[in-house]
Amino acid sequence: MRHPETWLKVRPEGLFCEPGGFYIDPLRAVERAVVTHAHSDHARPGHAAVLASPATLALMRTRMGAGRAGDAQQPLGWHERLRIGAVDVWLAPAGHVLGSAQVVMEYGGTRAVVSGDYKTVADPTCERFEPVPCDVFVTEATFGLPVFRHPPPGEEIARLLASRALFPDRTHVVGCYALGKCQRLIALLRAAGWDAPIWLHGALAAVCGAYEALGVPLGDLRPATVAAREALRGAIVLAPPGAIQDRWARRLNDPVVGLASGWMRVRQRAKSRGVELPLVISDHADWDELLATVAAVEAPEVWVTHGREEALIHAIEQGGRVGRALRLIGYGDEDEGGDGPDDGPKGEPETEPGTGAAA
Amino acid sequence: MIAFADLLERLVFTPGRNAKIALLRRYFATTPDPDRGIGLAAVTGELTFAAAKPGLIRQLAMERVDPVLFAWSYDYVGDLAETVALIWPARPTNAAPPSIAEVAHALETTPKAELPALVAGWLDASAPGVRLALLKLITGALRVGASARLAKLALADLAGGAIDADAIEEVWHGLSPPYRALFAWIEGHGPRPDPQAAPVFRPPMLAHPLEPPDLAALDAARFRAEWKWDGIRVQLVATPGGRRLYSRGADDISAAFPEIVEALEAEAVLDGELLVARDGIVAPFADLQQRLNRRSVTPRMMRDFPVIVRLYDLLFDGAEDLRPLPFDARRARLEAWHARVRPARMDLSEMIAFDTIDALAALRDGARAAAIEGLMLKRADSPYVPGRPRGLWWKWKRAPLTIDAVLMYAQRGHGRRSSFYTDYTFGLWRADGALLPVGKAYFGLTDAEIGWLDRWIRNHTTARFGPVREVDKTFVLEIAFDAAQLSNRHKSGVALRFPRILRMRPDKPAEEADRLEDLLARAEGRPRAHAPAVDDGGDEG
């Protein structure tokens, strides 16, 4: 038995699997990378070789261009075993966004699972999280406080549609991250019976196209950027969080400004963003999901990569397991990890006071 | 309680007045009696409980939550009720969330010892939004993002134009929750509720600002003039049913000014200005601020900040409604009433004699007392009409004071202006070369100017703090303000009254902006150790 702490190491580039000679979600360009999902803080450009799920590779090519998504790209289907060096590697769905994977590594009679970002509730746009029993479970803790309990997403969509019914002339613009949240919102709206066109900020179009090409139908989508103000009367528009209150939004008709994020659970957070319709919809596990997952994988030891690790580790230890903070710096720059950029689709990085860039 | 919690949630985040009215209207239209009436009472501040102390809530949470996790969570959320609402580990129950009427009734009838179990049961049955509304309600800490006036406008909207908000105002203080008779009247299946002898509020008559074209057309012989005082407009009501002191927004502020209520012994409805005055000299507004927004008052406050009401008008003499009478006739009745009753703590607003508008302008510009904002002009034949009828009453403020200040910070606006930097913090130079902020202004620029300045701010940003940008200290704004008052709450030592932007001065080098010492030399009043923030209803005479 070789305990994973003897072969899974934190290096400046990120988490390194020594007997396999590869990094998982490295923070800078490396020789060999295994990538859990295509968010830019986990999937960096310029690696020599990249192993990931087919959908993750496709989304990386869409977002960074085929030339930067890895010189050699190797797709790995769910549950297909691959020997890399002395390590058996396979992928299991993580339920975070389309293609998002947990990396399962078996070596020296032990199994470690790096879950990347994940959620366990159903999401019509991606495969559902699968718990994999293991000796060491490596987890995120973005919403690692017991105040974060996400409501059923259908209820939040119902609030959006109720607002649209009350203010039928106002454009309802919802801020959302380009990869994952946007497509999930569209799918949730379709499931709630919203068949009308959904209008998109230009920064969201490419990934929606990629989702559809990967077999996730999203219905009638149209570019909001070229639409006339009149056409957007009463419409639902999706845009990056940085655009909803900036110059781009001036084209909208008396907009109700919404934002879909797990951070909207806390009033002061929502108020400081100045939105009128906060929607608590997250692609990260909430507190209950984190604890339930730790129990389901039956790991005696849990490592926490990023987020509010101290509270989660406290709860893990109270449950009789070993908890350890890995303190990997650099995750959470895209999607909800860093509370979201405040400005501009290109996202001049900006975090709220007191949270820190790597929070 | 679900609909009420949902209403609160939306109101808190909604900046637009019309949107707030629409949300309130939907709530009143879709919620049954008696819940909607209790909800209305909660919105208008008529429903207050202090059944539970924050300690009880904390204790309830502690019985179910790990203390370390609770402490971290509270630290993160920053609000006790919200922390408990979010963290509450609900036990499974078949109970439905309580209705707001049920909650109101139970809080009045439940013995204190049974309260914790009752509240815990409610929390188990509710989702986080309802839990938050419940906890805020039972601790008396409910903050509604809408005024009582907006609720009345929503009710008028519900009446479909048949009843206006002022008509609702006139019966309002004779009613009590759950307002069944009011809703029946509004929905057209009941008579107008008769307030009988209750001391109800009468919607006030307001003035328009006097602009140059109106000034030119003014016929001096037809108008009367009074000083416009910088206090708060109030209405005093004494009827056989009680005595009240109301703000101009219909808030009952009797408890904060018991000496005024006590002085009102004859049956009447009076319109006037509440002022702090010592030996007949009116003190700056900052002194009055010490007494505003308080639920009760200490003898010491009453002694240090003695208040009077300067009477403008008599609306009712006894039960007789004088409002249809012309101003001159009401004024004569007011003077006769004052001479007859000789009320303590009330004097008459002085009538200013003048022959021509030019003579009046000279008087206005000569007035430099801090507490005088300018003049009120009232047409001699004007009846007392609620609202802001045109051409009858004018407010003619004295020429503002101005400074040239340097733009330091800008913050995004709200609602329609949320994509623009519209809230400007400006400063003046201190002798040592430091730039100190002296105020903030939100108004005064046209949309085109706002757009231009927005671009300038984005191109000259030096640092960012959330929604605030710090900019190069190179842009000069000409700021108008009504008065400067010394203040030791501000680093600069001075606070401006009603600052607004007069014009942008891109032509002026920042180093030629005004000096702080010059402003301090023009400031009035003495420093205060502490002055609570207050909404005095804005500028209204």
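Two residues count as being in contact when they have heavy atoms within 4.5 Å. In this predicted model, local features need pLDDT of at least 70 and side-chain atom pairs count only at pLDDT 80 or more, while totals for chains, interfaces and linings use all residues. Residues are numbered from 1 along each chain as its sequence is written, chains are lettered from A and ligands numbered from 1 in the order in which they are written, and side-chain values use heavy atoms, with hydrogens and water left out.

Chain A has seven helices and 19 strands, counted as DSSP runs (helices are H or I, at least four residues; strands are E, at least two). Its radius of gyration is 20 Å, close to the 21 Å from the globule rule for 359 residues, so chain A is as compact as a globular protein of that length. That radius is taken over C-alpha atoms, and the rule is 2.2 Å times the number of residues to the power 0.38.

The chain is split into domain 1 (4–147 + 283–328) and domain 2 (153–279), with bounds from an automatic or database domain assignment. Their centres, over C-alpha atoms, lie 29 Å apart.

So what does the meeting place look like? Here 20 residues of domain 1 touch 16 residues of domain 2. About 1500 Å² is buried between them, 73% of it from carbon and sulfur atoms; this is the accessible area (1.4 Å probe) that the two parts lose on being put together, summed over both. Two salt bridges are counted between the domains, each needing a side-chain nitrogen of Lys or Arg within 4 Å of a carboxyl oxygen of Asp or Glu. Asp123(A) and Arg184(A) form a salt bridge at 3.7 Å, N to O.
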